[in-house]
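I opened this entry to keep track of what I looked up. I start with the fold of one chain and go on to the contacts.

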Amino acid sequence: MIRFAGRALVALGLLVGVVSAASAGAEELNLFAWSEYVPQSVLDDFTEETGIQVNYESYASNEEMLAKLMSGAASYDLIQPSEYVVEALVKENQLLPLDHAKLPNLKNIGKEYLGQPHDPKLTYSVPYMQGTVGIVIDTQKVKDPVLGFGDLFQDKYKGRIVVLDDALEIVTWALATQGLGPQDVTKENLEKVRPVLAQWLPLVKVYDSDSPKTALLNGDVDLGVVWSGEAAILIDEAPGRFVYVLPKEGAHMFIDNMAIPKSAQNVDSAHRFLDYLMRPEVAKKISDEFPYTNPNVEARKLLTPEQRANPASYPPGDPKLSTFRDIGALGADVDKLFTDLKAKSGS
Amino acid sequence: MRQEATSFSTAAGPRKPPGRIGWLLLSPLVAWVVAFVVAPAVIMLVYSFARRGTLGGVVFGFTLENYAAVADPVYLRIVIRSILYATLTTILCLAMGYPVAYLIGRSSQRWQSLLLMAVMVPFWTSFLIRTYAWVTILKNQGLLNSLLMQFQLISQPLELLYTPGAVVVGLVYTFLPFMILPIYSSVEKLDGALIEAALDLGAGPLRAFSRVIVPLTSPGIAAGVLLVFVPSLGIYAVNDILGGGRVDMIGNIIENQFKGNARNWPFGAALGTTLLVTFALVYWLVNRRQRMVMG
């Protein structure tokens, strides 16, 4: 039923697209991006300035995006993959190289985003937003210091923890406690972290990737491992109650990027939109609505001191951060390990 | 004793195949079924024998490894658990839905339409919103806990949300109308004279219920059981929202193969095919039992 409704919506969308293109003869841009990640005002301003109509279709996971992109059912001009998916897409030769001459604002992107393993020279992608995954603590309920995964996953916190419902995330945290990074996902290491996860999962009360902040705000749980953007919102909504800590064992950093798929039809519009997004005042607007780490250093200068001081958006110090890598078919093993231990720990 | 029911069964009569005009009238339905039921099922079946593609999708071929994986204890445990949850949901819906349906079916015309309306009203709101409403009721400082504390029945909030119990409550709540409506339509057609006859002939209320009322309303029961069991086996939103994602069901596992890290479409297709075969089996069993009851 849902699938059918989806199909009907897509058909409707196509119809609207065809009609509007025919009537105005206007240029179009088909943007396929995460839900709740690109402010509508940014799209509207772009359309007003350039006359290019932006069709924003959204997805809720990288894999969902890949599934639709690879099916070829619709053509997209810009996609918003995370770093490990950029790596996989480049490997499979699915992205168009960017024309840097058309992207003068690329100079605003921080130097630390160069040299990343997924796309070291930003040949195929530009960073859109960056974030971390860290620990949130409700200080009204938890008095002991929690500095890392080892402090968090303790018996005394049983039934008081929310974590992301994401197999690869949780496996990465367990790897960190063994001194291993996200690039170390192998069959042997998965067996190595099995006992760690077998001890952790029975302590978890809620698995939620979409809105882990809800269980914390409702007071159903007191600690959690969540996206930094969710933590930033919690800190903003209940000042003084929540703190955000990057685990001392090492934390996962994600970089969400914009890239142009091979099948894109409006390559020129895509470049114009990319460059527009990298204007400092536009990038600032995105930060206002989605308080992740803005890779645009010129935009950061436009933020308020409070925004810059939010430790979830801009973590102080020099934390140990690493990105995911494409793990190919091992994804199925990661999923199986998580499914198995979850079922055994569950009620 | 079964004869009582038999003489009133019209379903047992011989049926003619539709003529040329009949097929013409049926053609839109046939086309719809082929396009949206048969074709997707065939695609799923073909995918289930293929191999995993690198970026999702499939590499065509023939392998049985996806079905071997379904039988893997890790997944088999979840398949069995899903069947148990669906069975429990069906039993609870039947136990709660039958009396309600009977009451509605036996009340006056005016009351019937009012009560039926009451059963249907929840459908006016999205299923997801109604499920989130249960979060508000069951959460730590939610409506139910506040109410119980107010009346001093408990001193500490009960652990209600994010438990298997919450999942069952959500499932029963979601599917109860699907049990009530078909049973109601059977009860409504029930001839009161037959019940009176049974009582006159010396059957007690219990005997009249089990030997007359239940067999006569069995088509409604069968339809209700199917309408509840089948969707509750595949659903995954209720256990994500009310179970805190702790109680994975077969639907969650299938979702992960397409939208999660696994990116393993052929395995997802194999799980889907297994589910389809289970449905067909349940349908066949219910139907066979139905024919036996009807004589």
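**Entry 1, overall build.** The model is a predicted one.

**Entry 2, burial and contacts.** I checked what share of chain A is buried, and the figure is 46% of the 347 residues. I then turned to contacts in chain A between residues at least 6 apart in sequence. Of these, 76% join residues at least 24 apart.

I picked helix α10 of chain A, residues 267–277, and listed its buried residues. They are A:Ser269, A:Ala270, A:His271, A:Phe273, A:Leu274 and A:Leu277. What do the buried residues of α10(A) pack against? I found two helices among the partners, α2 (40–50) and α11 (280–289) of chain A. The strands on the list are β1 (28–34), β3 (78–79), β4 (125–138) and β9 (251–259) of chain A.

I looked up the domain assignment of chain A. Domain 1 is given as 2–129 + 255–309, and domain 2 as 131–253 + 317–345. The centres of the two domains of chain A, taken over C-alpha atoms, are 28 Å apart. In the contact between them I noted 14 residues from domain 1 of chain A and 10 residues from domain 2 of chain A. Which element gives the largest share of the domain 1 side? It is helix α4 of chain A (residues 83–91), with five residues. By class, I noted eight nonpolar, three polar and three charged residues on the side of domain 1 of chain A that touches domain 2 of chain A.

I moved on to the contact between chain A and chain B. Chain A puts in 31 residues and chain B puts in 29 residues. On the side of chain A, the elements that give two or more residues are α3 (62–71), α6 (167–177), β6 (204–207) and α14 (330–345) of chain A. I checked which gives the most, and it is α14(A), with nine residues. I sorted the side of chain A that touches chain B by class and wrote down 12 nonpolar, eight polar and 11 charged residues.

Technical notes: Residues numbered from 1 in each chain as written. Chains lettered and ligands numbered in written order. Predicted model: local features only at pLDDT ≥ 70, side-chain atom pairs only at ≥ 80, totals over all residues. Domains from an automatic or database assignment. Contact = placed C-beta atoms within 7 Å. Helix = DSSP H or I, 4+ residues; strand = E, 2+ residues; numbered from the N terminus. Nonpolar A, V, L, I, M, F, W, Y, C, P; charged D, E, K, R; others polar. Buried ≥ 20, exposed ≤ 12 C-beta atoms within 10 Å, placed from the backbone.
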